Structure formats: structure tokens, C-alpha cells
Amino acid sequence: MLLLSLILLPFLGAAVAACMPQHARNREAWFAAIIALCGLLLTLSQYAVISEGTALRYQLNWLSAFDLNLIFRMDGLAWLFSVLIQGICLLVVLYARYYMSPKDPVPRFFAFLLAFMGAMQGVVLSGNLIQLVMFWELTSLTSFLLIGYWHHRPDARRGARMAFTVTSIGGLCLLVGVLLLGHVAGSYDLDQILQQAEQIKAHDWYLPILILIALGALTKSAQFPFHFWLPHAMAAPTPVSAYLHSATMVKAGVFLLMRLWPVLAGTPEWTWIIGTAGVCTMLIGAFLAIFQHDLKGLLAYSTISHLGLITCLLGIGTPLAMVAAIFHTLNHATFKASLFMAVGIIDHETGSRDMRKLSGLRRVLPYTAALAIVASAAMAGVPLLNGFLSKEMFFAEALMVGSASNWWMSAAAVMMGIFGVAYSLRFIQVFFGPLQTDGGEEVHEPPRWMRFPVELLVLCCLVVGILPELSIGILLEAAAASVLAEQLPEYSLAIWHGFNLPLTMSIIAFIGGIVFYRWLQLKCNLRQRDKVPLFHRLNGKESYEATMLWLAASAARLERSLSSRRLQPQLLLLILAGMAAGAVLLWFMPTVPAQLTYTPIHWPFALLWLAGTACAIAAAWQAKYHRLAALILVGGTGIVTSLTFLWLSAPDLALTQLMVETVTTILLLLGLRWLPARISAKKLQLIASSRDKLRRSRDLLIAISSGVILSVVSYLILIQPENQTISRFFIENSLPLGGGSNVVNVLLVDFRSFDTLGEITVLSIVALTVYALLRRFRPAAESIKLPPQQTNPIDPASIQTPAEQAGSGYLQVPGIYIRLLLPIIIVVSVYFFMRGHNLPGGGFIAGLIFAVGLIIQYLLAGTAWVEARLKMQPHRWISVGLGLAVVTGLGAWVFGHPFLTTHTAHIYLPVLGELHLPSAFIFDLGVFAVVVGTTMLILTALAHQSVRSHRVPGANPDATNLQQEDR
Amino acid sequence: MEIILALAIGILFASGVWLVLRPRSFQVITGLLLLSYAVNLFIFITGRISLNKPPLTLDETALDPALYADPLPQALVLTAIVIGFATTALYLVVLLGSRGLTGTDHVDGKEKETDE
């Protein structure tokens, strides 16, 4: 529970922080600090448990069958990282309070920062690898948001995108790697995986697993050749750089390697992949750092180099190297975070981070200078500071690699030391020499509390550097023990180990570094040099950009060559694929059934279909030039289909089809008005080209063959004996369990009501989409005018409004009986609704009947007349309907049943007698309301276009006059 | 009866396919209507032919599946019919919008050189 709160607290905090007012800098910062502090205190309170070597564990089962459970575990390593993450977060929040400008939108900043902290906590505390990957991706996402915080700056956007692309590609590799690992180990549970080290290392998949997981870790920790994103991520605000790019996020990769160290390390492949990447990164990063002009750039490359060092230690793979790696991770976090903050102060006070423009800052920023110099001494590995200790351990480990004759590793280590000293000197150069600042304004020390985090971190560097065993020894041991278990080596954290080889190496590095730096200054004009010697061609950013461009271009090319924007070829392919599927189906279908059971032919039925198919063919033939005729013909086919349902024992379907047929016809009639007039080719004396003829014959062939295939498939299905399906269950249980005899209706509103809920949701979405699309509807110019039938001067109806036509004009007779029909139709609709559970009817059918009753009023007397008398508001019907359906479903929870379980009540009413009232009835009422709402919304929205379009400027003035008479 | 239904489904489907492949948007919408009849009937007949056996289990003592038509395809088709109406409406509105914006009722929004 405690572990869960460690994760939830930051995320909840992020949500709250995001809602806080824009300019409440203090409140925001206090709030974020309290969240971080709570987490930190909670974590620290577990110290006693953790230091004994026990791991806390919290498990929340989710999909146990797939081994996907929410597991949090905290052992020594996770505890140490957790303290680091929360502790630095606390300091960064304090620092950011002063760093962020009042103009910046701070709620966003603190919200992202807290969310990032939560994600990072998730990574270190996850006990399930899939879950770890999820939090891993979440850190990529939140860091993307943080790097791109100043999104008005193009470099911030680019840097954020680059960081996100690289780390999330790594994250995908990691996911695959973890899936493979979980498959090999038979579980994603970290505890179980860690116990199967031998099996995993012996498995055939070991190498792919290693490579994929290494890709994930190396991209995250900015290791060569993926290091290029980190310098570009420096476009982030400095607190973000201090937090993400020195202390936490880039350490996630290292953390992962440590976490899986027992399972993956100790093989030659591991040493080669991880070790090589580490050594290359360490050297290239350190070398490039010397030649930076941007203070943050220098720190970024130095971070890359130090991460390389840690990776290299992990690659060496001995237990002692592991201890050194954990130790250096901590040390690096403290001195690098403090250096970033110091740079932030310099930037904040002088307005520049360019080392070419800054010098002598010691005079104006004495405290900051002292702090930064101590921190950079730690970075260079000066004795009595924490950096020295872990670097000594690294040198010692480097000596152990290979044998006495193989001194390459040692040489690389010393080289790294030399470069490290050189760039540290370069860094502190800004504090010495004559005073020179970029801006003209007075430079002064920052506020007291802005410097406090730096002071605290530098103090840590000193304490750890002077009293290592007392200050950090026990923590380090707990962390190392949690990874190494019984392999925990003997080691000593003393400052003085006597005059030995690592110390000699340190001394060589110091002297070499100072000499190298002087040489660079004198011979290479380091201060003004633009190009990095040797490595200036090695530009990760350019290759990244080139790759991205190439990807986009080839995707576009592929799209052009493989796909078409034209509808017809796409539909053609779809139909051909469908035909192929049908043909395959035919191949596998049993052609001769056990006993042929034919139903005798009903001749009226045959005649019916003669008409139905004739209608269909005629519609296909006429749809181009005679749209109205085609619409009527399609309607004919629809009626025949409806009668077929009735004939073949599906009364519900017959009713639904009939009503839908009606509303569809009205719908299309409303649309016809906006289509262009089409004069037949014969009248225009157009002659179809041979290409057109060819295409028509091809389409005809496809149409006929697809029809034949479907016919044969249908016929073969029809002569098979009936299969046993779940229908049996529905028929047997509809009455006893569902309490209704109409099995189809019970299926819809009870057994499968969740499907129906989905369906009415789709209906509502479609209706709203139609409505929204029509709000922006702009008809073509030539269809804005009133159609000639309505403006014919000889026709007296053309000068009457629709309401007048129905009231006293030529529609007087239908006017009377259609208005009379409305209450009758409503009663019929209610009747069909009420009996729906037991006899044909139900929400769908009743809703459609109700809608048709209203629509014919519109047809008769026009929109204006109806809407002056009836405020329909179909949106409300939809929302009430959906609400009813969902509330009915939720009601089941009150009784402790799953969502949408039906509950039946029997109510006795005085006149009507006993009323059987299942909750499905209320659900059906929801369906009814949704159906009425959607139908009315779609149809009236379309109908309103005819009224609205006359207001479009440039419309026919006659039409406008008519419209005015309309009112 | 089987042969009539099979032929009817085939003919409706063929007419629909022909229309769906035409270039004018109204032809396509008509085609979709015909296709939906054909497909609805096709799904429906997977429950085989039953005459005078609507799935209304009014008699509590006779719950034998052999006495009733298969309710499952019926329920599927019922929702399909209603959804079919909604998609037709959506297509119609898109069609009208495209016609208003592009000035043509060709499905691709522009006339081809060799107009059909």
C-alpha cells in the first residue's frame, strides 16, 4: 500500500498542480515540494526494513492468467534510486521556484515534473517487467513534454522530438526484449526472472534478448551511438536538465542494466556489447565536452561520458565493478545536478551560457563560483570529493580487465581521466580572468534559497568524499546486496588505500589533464575554436535528421506506389478480396449434405422475389440518370426484403426493415435536392469511349461473378442441416431467465444488452456527426436556387407556404388525416414498445414508428409549421436515452451484480393489473429514446438545410422573397 | 424456397456491386443499400428457413429449439438494419458536403478526363 502511494501521489499531485492558477508560483512550488517531501519521507521511513535486506512487495492481481499483475517491489537498489529521484526532485522544485520566470506557465511545469517523478518511481519500483516498460515509456513521454516546455522555441521542439523519437524507439526494442525474456523465463515477475539466470543465459534467445534490452537501455542513457539526443535536449529549462538529464531519466537505462544484471551479465556477449558501448561513449563524450562553448552543452557531453563510465563498469561485469557503478551513479547525480543548477544561476544572472562571452564571474558571483568549482573538482575526480572515490574504483577495475599484458582498458580509463580534468578546467574558466558578462546589467548573487539546493548537493559531495564509509557505506551495501545477493564482494570505501596503481593513474590523469588543457589553449585556440577536431564529422544529429527525412520520403513514396486516393480502385480491391474469401469458402464447404431437406416452393414468394430482383436490377440500371426512380425501385426491393423476413418467421425484422425503409427513403429524398442535374448521355449525344466500355464490362463481370459466388454459398448453407449454436440457450432461457417470450428482443435488451449499448452509442455518435457536418454545409451554387417545380408561376401552390398548402391548399385533405394520424401513431408506437418483451416490437421498432409519425408531419406542413408547435430537441432525447441505458446498467452494481444484469420487478396497478417490469424494460426505453433522437436529429438537420441555404449570400433574389413570404 | 432465396441474394448483391463500382456518389449510395439487403439476408439465412415458427416462446412448457426459428441471426440483423440507416445517413452527408465543396458528384471529388 505504501509502495502504491509512492506511485500514485506524484500522479495525483500532477493532476492537481495542472489545475492550479496560472500565476501562483509560490503555491505551486510549495505543493510540488510537499508531494516530493512526502514521498521522500515515506521512502526514508522504510530504511530500517530495506537495510536488513528484505524487499517490500505489493501485488494487485489483474490478468493473472497472462501473468499481468501490478507488482511493486522495493529492495535496496530501488530504495536508493527512489531516494535519489525524490530527493533531487525536492531540490529541483525549490530551485525552479526561483528559476522560472513569472511569465512562464508554471502549473504546466510542476504538473509535468511531478508526473515525471511518478513515472520514474514507477520504473524503479516495478516488479513486473511489462509494467516497467510502461512506466519507462511514460518517462519518455513526460520528458518530451518537459524538454518541449518552451514550445514557442523551435530548438526546444526539435530537441524534444529527437529525444522522444530515440528513446521511444529504444523503448519499443525494450518491450520486445522483455516479452522474449518473459517468454523464456515463463513469467514477467521480476522475482521469478531473477531466479532463472542460468536457464536464460543458456537459452538460444539470450543474444536477441540482450541486444534488444541493451538497445532500450543504451538509448535511454544516451550511449554511443545514440548519444546525440542528449545535447539537444538541453533546450529544456535548466531545472529539467538538472533533474532529467543528470540525475534521473538518463539513469533509467543504467538502472535497467543493474536490475537485470544478475540475469544477463557475466557472458562475453554482455561484456562486448555493454562494455564497448560504455568505453566509446566515455571517451567520445569526454573529448567532445572539451570543445563545447555552451556551458550546458559541456555538461551534457560530460554526462554522456560519465554515463559511459557507469555502463563500462557494468560491462566489465565483476561484482566489484557493480558496486562501483552504483556508487558512481549516486556521485554523478549529486555533482552533476549541482553543476547544472550553478549553470542555471549563471544563465539566470548574466543572460548567457556562452563560455566565449563569460569570464571572471568569481568577482560578482563569489558563492556560486566556489560551489561550482568544488562540484567540478568532484567531476574531475579530485581527492576528498566523492568523484575521486568512484573513479579510483573504476581505475582499479579497468586494471583487472584482461590480463597484465592487456592494458588497453587502463589506457582508455586514464584517457577519460585526462579529458575529464580538461573539461572541468574549461568549465571553471568562466569564473577566472577579467570580468566579462554578456548583458550590460548588474550581475549579482541569486536569492538565498535558489542557491540552497546547490549548497546542499555540494555538501553531500564533500561529506561522501571525506567520510565515505560513515555517510554512504551502509546504503551502498544494501543496494549492491540486492543485486549481487551472496556475490557481494569485499570492498573498502576508504580515501587512502596506500600508494598503488589506481592512485598513479589518477595522478597521471591530473597532470596529463592540466598539460593537455594548457596545450589546447595555447596551440588550438580552444576558447574560440568552432570545430571539434577529428570528430566534427561525427554528427549524430545530421544522420538522425537524414534518417527521419528518408523515412518520411520513402513512406510517401510507398504510399504513392501502393495505394490510391481514388475510391473506385479501393472498392474494387475490397470486392475482389471479398470474392476471393467467398471462393475459398466454397472450396472448403461440404457440397452434399447428409440428407437433402428442401422446403417446397411457395409460388407467391417466388413472384415476390421476381419483383424484388427486377427492382434491384432496374435500380442498378437507372441510378445514374433517374435518381428518383432508382430510389423508388430500391424501396421496392426493401419492401420485398421486409416481406421475406415476415414470411420466414422473423416478425421483428420485418417491422424494423419496413420502418427503416421509410426513414431511409425520406433521408435520400431530402438529399436528392443537392445533387447536380444530370442529363442523359443520349440527349447530349455523348459516345462512351472504348476505355469506358471496357471498364463497364469489367465491372459487370465482377458484379455477376460476385453475385454467383454469393448465390452458391447461400444455397450451400441453406441445404445444410442446422448446426447446434448458442441459439439453443437463448430459446430455452429467454422466458425463464429473461422473463420475455420474444427471444429476439430479450437477446437485444437482456442477454446481449452490452452489445446493444454499444450500438446505440454508435447511433448517437453518427447522428451527432451528421449534425456537426451539416452545420458547416455549403451547397453548390447551382443548387441554392429553389427548384423549378417550386417556382412555377402557373402552380398556385408555389406562392403558398407549406403550412398554407396543408391548411387550405391542395394538401388540405391529407393535411386533416395525417394530423389526425399523429396521436394514433404514437399510441401504436407505445403499444409496440410495451409488448416488445413478449411479442414482436421493442425499443428499436417503437422508436422508428414514433419518429415516422413525427416526420410525416414535417413532410406535410413544412419545418417552420411543425417547429413552431413542437420543440423536439433530439439532442436531449439522445442523451436521456443513453443516460437511461447506462444508469440501468449501473443499477445492477447496487445489487452486487455485474454491469447490465437484468432485475425483474412485478408491480400491481389498479386498472391494468399486474405489470411485469424487468429493468431491461428501462434499458429498452433508453433504446427507444436514442432511436427517436437519432432519427429525428439526422432528418431534421438535413431538412433544415433547405430553409437555411436561402440565407447564403448571392442566392437567387426571387428565392429570398419567397423565403420572406414564408415567415 | 432455398433456390429462390439464394438467387435473390445473388442478384441483389450483383446489382449492389455494380453500383458501388460506379463513379457517381448517388450510384454508390444506392449500391450500398442493395448490398446491405443482400448481406442482411445472407446473415439471416444462416439460421435456415423456418416457416411459421417465429421465435416467440409463449408456451412455457415447450421450449424446444426445433419449434422456433433461430433467434440469433435475427438479433444480429435487426441491429445491422438500424446501423445501416445511420451509416447511410453519414455517407449521404459526406456526399453532400463533398458535392458542395468540390462542385461535382464524382466519388473522388473531381471529374476524370474520360468522364463516364
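1. A helix, in this note, is a DSSP run of H or I at least four residues long, and a strand is an E run of at least two, with numbering from the N terminus. In other words, chain B has three helices and zero strands. Please keep in mind that this is a predicted model.

2. How spread out is chain B? Its radius of gyration is 19 Å, well over the 13 Å that the globule rule gives for 116 residues, so chain B is more spread out than a compact globule. Along the principal axes, the C-alpha atoms of chain B fill a box of roughly 70 × 30 × 15 Å. Of its 116 residues, 66% are buried.

3. Chain A comes next. Its secondary structure amounts to 41 helices and four strands. The globule rule gives 30 Å for 967 residues, and the radius of gyration of chain A, at 39 Å, is well over that, so this chain too is more spread out than a compact globule. The box filled by its C-alpha atoms, taken along the principal axes, is roughly 115 × 70 × 70 Å. Buried residues account for 54% of the 967 in chain A.

4. Where do the domains of chain A fall? The domain assignment places domain 1 at residues 267-532 and domain 2 at residues 741-967. Their C-alpha centres lie 74 Å apart.

5. The UniProt record, an unreviewed entry, also marks stretches of chain A. Its annotation "domain: MrpA C-terminal/MbhD" covers residues 613-676. That stretch is 83% helix and 0% strand, with its end C-alpha atoms 28 Å apart. A further annotation from the unreviewed UniProt entry, "domain: MrpA C-terminal/MbhE", covers residues 694-790. Here the chain is 74% helix and 0% strand, and the end C-alpha atoms are 41 Å apart.

6. Now for the spaces inside. How many cavities of 30 Å³ or more are there? The count comes to seven. The largest cavity holds about 50 Å³ of space. Among the residues lining the largest cavity are Val749(A), Thr888(A), Leu900(A), Ser919(A) and Phe923(A). Helix 39 (874-894) and helix 40 (919-948) of chain A are the elements that give two or more residues to this lining. Helix 40 of chain A provides the largest share, three residues. By residue class, the lining of the largest cavity has four nonpolar, six polar and no charged residues.

7. A few spots in the backbone deserve a look. Most residues other than glycine have a negative phi, and most peptide bonds are trans. The peptide bond from Phe224(A) to Pro225(A), however, is cis, with omega near 0 degrees. You can find Pro225(A) in the loop between helix 10 (206-220) and helix 11 (229-232) of chain A.

8. Leu384(A) is not a glycine, yet it has a positive phi of about 75 degrees. This residue sits in the loop between helix 18 (366-380) and helix 19 (386-400) of chain A. Its relative accessibility is 45%, so Leu384(A) counts as partly exposed.

9. Chain B has a residue of this kind to look at as well: Arg48(B), not a glycine, has a positive phi of about 65 degrees. Is Arg48(B) buried or exposed? At 13% relative accessibility, Arg48(B) counts as buried, because the cut-off for buried is under 20%. Arg48(B) lies in the loop between helix 2 (25-45) and helix 3 (71-102) of chain B.

Definitions and conventions: Residues numbered from 1 in each chain as written. Chains lettered and ligands numbered in written order. Predicted model: local features only at pLDDT ≥ 70, side-chain atom pairs only at ≥ 80, totals over all residues. Heavy atoms only, no water. Domains from an automatic or database assignment. 1 Å grid on protein atoms, 1.4 Å probe; cavity = no way out; pocket = protein on both sides within 12 Å on 5 of 7 lines; lining within 4 Å. Points joined across faces, edges and corners; volume = space filled by probe spheres on them. Nonpolar A, V, L, I, M, F, W, Y, C, P; charged D, E, K, R; others polar. UniProt positions renumbered as here; feature names shortened; annotations may be inferred. Rg over C-alpha atoms; globule rule 2.2 N^0.38 Å. Buried < 20%, exposed > 50% of the residue type's maximum accessible area, 1.4 Å probe, protein only.
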